[in-house]
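Read the model below with the sequence beside it.

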Amino acid sequence: QVQLEESGGGSVQAGESLRLSCTASASITSLRVMDWYRQAEGKQRDLVARILSGGDTNYSASVKGRFTISRDSAKNVVYLQMDDLKPEDTAVYYCAAKLSLLQTAYDYRGQGTQVTVSS
C-alpha cells in the first residue's frame, strides 16, 4: 500500500508560480502512471498532467506550456511546477497513481491541496 501526500498549495496572484509536491510513502518505481488532476468547486474532475514511469508526459490543453510535471524516483516525489497561474487554475489539486496504464481506476490517491489564484 502506498500513501500519497500533496503539499505546496496556497494563495497567489495571477501570473505567479507554485510548485506542488506529491510525496509517496514507498517507492514510486512500480507506479506506471502518476497524475495530477484538479477539481474546482462545482465542476468535474479535470486531468491536468500525467507522467509515466518511462518519463513520457502529457498535459491538458489548458495548462500546456505553463505547467511541468516531473518525478524524482530517488526521493519518491512527483512535482507539478505551475507557472503563469490564472484565476481559472483555482481548484483542489490531487495526486494519483495507477499500477497499469490500461486501468481506469486509480490505485492510490492523495487528499488534495488547495490552489487559489486571484486576479
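D84 is found in the loop between strand 8 and strand 9. Strands here are DSSP runs of E with at least two residues, numbered from the N terminus. The model is predicted: local features need pLDDT of at least 70, side-chain atom pairs count only at pLDDT 80 or more, and totals for chains, interfaces and linings use all residues. Residues are numbered from 1 along each chain as its sequence is written, and side-chain values use heavy atoms, with hydrogens and water left out.

D84 is not a glycine, yet its phi is positive, at about 50°. The cut-offs are under 20% relative accessible area for buried and over 50% for exposed, with partly exposed in between (1.4 Å probe, protein chains only). N76 also has a positive phi without being a glycine, here near 60°. N76 lies in the loop between strand 7 and strand 8. With a relative accessible area of 17%, N76 is buried.

Four strands form an open sheet in the order 1-3-8-7, with antiparallel pairing. Strand 1 (4–7) and strand 7 (67–72) stand at the edges with a single partner strand each, so one side of each has no neighbour in the sheet. From one strand to the next, the twist averages 15°. This angle is taken between axes, which are lines fitted to C-alpha atoms; angles run from 0 to 180 degrees between N-to-C directions. Two strands count as paired if DSSP finds at least two bridges between them. Strands of a sheet pair through backbone hydrogen bonds, either parallel or antiparallel.

Strand 1 pairs with strand 3 (residues 18–24) in the antiparallel sense over four bridges. E6 has C22 of strand 3 as its bridge partner. S21 lies in strand 3 too. It is buried, with a relative accessible area of 13%. Beyond its neighbours within four places in sequence, S21 is in contact (heavy atoms within 4.5 Å) with E5, E6, S7, W36, V77, V78 and Y79.

Five of the seven residues in strand 5 are buried. Strand 4 (residues 33–39) pairs with strand 5 in the antiparallel sense over six bridges. One of the partner pairs is Y37 with L47 of strand 5. The two strands form a hairpin with six residues between them, and G42 in the turn has a positive phi of about 80°. Strand 5 also runs antiparallel to strand 6 (residues 57–59), joined by three bridges. Here I51 has T57 of strand 6 as its bridge partner. Strand 5 and strand 6 form a hairpin too, with four residues between them; G55 in the turn has a positive phi of about 105°.

R50 is found in strand 5. Where does its charged-type name lead the eye? Leaving aside neighbours within four places in sequence, R50 is in contact with residues including V33, M34, D56, N58, I69, K98 and L101.

Not counting residues up to four places away in sequence, L4 touches C22, M34, C95 and Y108, among others.

A search of the whole structure finds one disulfide. It joins C22 to C95, with S to S at 2.0 Å; the cut-off for a pair of cysteine sulfur atoms is within 2.5 Å. C22 in strand 3 and C95 in strand 9 are 73 residues apart, so the pair links distant parts of the chain. The link is left-handed, with -70° about the S-S bond. Both C22 and C95 are buried.

The last stop is Q111, in the loop between strand 10 (108–109) and strand 11. At 70% relative accessibility, Q111 counts as exposed. Leaving aside neighbours within four places in sequence, Q111 is in contact with L4, E6 and Y94. G54 is 57 residues from Q111 along the chain, and their C-alpha atoms are separated by 26 Å.
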